[in-house]
Amino acid sequence: MIEVEKKFILFDTDIERLTRGAEFLGEKKMTDAYCDTKDFSLSCKDTWLRSRDSRWELKLPLRTDTGWHDQYRELETEDEIAKELKLSAEGGLEEELKKAGYETFVTLVTTRKKYKKGDFTIDLDEVDFGYKIEEIELLVNDESEMLKATEKIASFAKEMGLALAPVRGKVIEYLNRNGPEHYQALIDAGVIRGYY
């Protein structure tokens, strides 16, 4: 499955409108530790390695002409991640990452409220450094469905009265506020576009 999503700044005034008639799927607190090498070799390729509540995930970018949506292929098993990063998985992924020079550059705690409204999943996130963001997501089976999914998200967002404007994700916003060297490296690598 491929996740197609669009981020929006979460305003309190949006919550009632977004959740009216939606199915509440639950609330949870997540701790995400994002890892990279000292020279930011992954994030400068828009590739994101994290341990979410001690479970490893790797988000790989999909390059498409669909505009402002974030589209990633997600690897969720240690074997897949080790293979993608060209590491052995024999000693356990965490140990192999340490040997290869990966280390945590930020740990974020997010409280997420999740809703289902029609085909859309809506995540309302509040991050521990004072950032609120919402994501509207659709899952598609393959890349051929991505453009249609982005159009559906744009239409839904317009119906909900949301501004279709670029928004920093949680990690990018954290680096903007607290990690100027890493943030600049992402600009230089073209991961962060000019509107940031």
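F40 is buried, with a relative accessible area of 13%; buried means under 20% relative accessible area, exposed over 50%, and partly exposed in between, with a 1.4 Å probe and protein chains only. Accessible areas come from the Shrake-Rupley method with a 1.4 Å probe, and for residues only the protein chains shown count as cover. This is a predicted model, in which local features need pLDDT of at least 70 and side-chain atom pairs count only at pLDDT 80 or more, while totals for chains, interfaces and linings use all residues. Residues are numbered from 1 along each chain as its sequence is written, and side-chain values use heavy atoms, with hydrogens and water left out.

F40 belongs to the loop between β2 and β3. Helices (H or I, at least four residues) and strands (E, at least two) are DSSP runs numbered from the N terminus. Although F40 is not a glycine, its phi is positive, at about 60°. D46 is also placed in the loop between β2 and β3, and this non-glycine residue has a positive phi of about 60°. D46 counts as buried, at 9% relative accessibility. As background, most residues other than glycine have a negative phi.

## Salt bridges

D14 and R17 are separated by about one helical turn because they are three residues apart in helix α1 (residues 12–19). D14 is buried, with a relative accessible area of 6%, whereas R17 is partly exposed at 27%.

A salt bridge also links E103 with K38, whose closest N and O atoms are 3.2 Å apart. E103 lies in strand β6 (residues 103–117) and K38 in the loop between β2 (23–36) and β3 (48–52), so the pair ties together parts that are 65 residues apart in sequence. E103 is partly exposed, with a relative accessible area of 39%, while K38 counts as exposed at 63%.

R168 and E173 form a salt bridge in which the closest N and O atoms are 3.0 Å apart. E173 is buried, with a relative accessible area of 6%. Elsewhere among the charged side chains, R112, K114, D123, D125 and K170 are joined into one network by salt bridges that share partners.

Within helix α5 (residues 170–178), the buried residues include K170 and E173, along with V171, I172 and L175. The cover over the buried residues of α5 includes the strands β2, β3, β6, β7 (120–127) and β8, together with α6 (180–188).

L25 is located in strand β2 and counts as partly exposed, at 43% relative accessibility. L25 and Y115 are 90 residues apart in sequence, yet their C-alpha atoms are 5.2 Å apart in space. When residues up to four places away in sequence are not counted, L25 touches K114, Y115 and K116, contact meaning heavy atoms within 4.5 Å.

E137 sits in strand β8 (residues 131–140). This residue is buried yet has no salt bridge, and the nearest side chain of opposite charge, K114, is 4.6 Å away. Lys and Arg count as positive and Asp and Glu as negative, with His and the chain ends not counted. With neighbours within four places in sequence left aside, E137 is in contact with E3, V4, E5, D119, F120, T121 and D123.

## Negative surface patch

On the surface, E78, D79, E80, E94 and E95 gather in a patch of negative charge. Patches are made of residues with over 30% relative accessible area and no salt bridge, like charges being joined within 9 Å and nonpolar side chains (Val, Leu, Ile, Met, Phe, Trp, Tyr) within 5 Å. The place of a charge is taken as NZ of Lys, CZ of Arg, CG of Asp or CD of Glu.

Helices α2 (78–84) and α3 (93–99) each supply at least two residues of the negative patch, and the largest share, three residues, comes from α2. E80 lies in helix α2 and is partly exposed, with a relative accessible area of 38%.

Definitions and conventions:
Salt bridge = Lys/Arg side-chain N within 4 Å of Asp/Glu carboxyl O.
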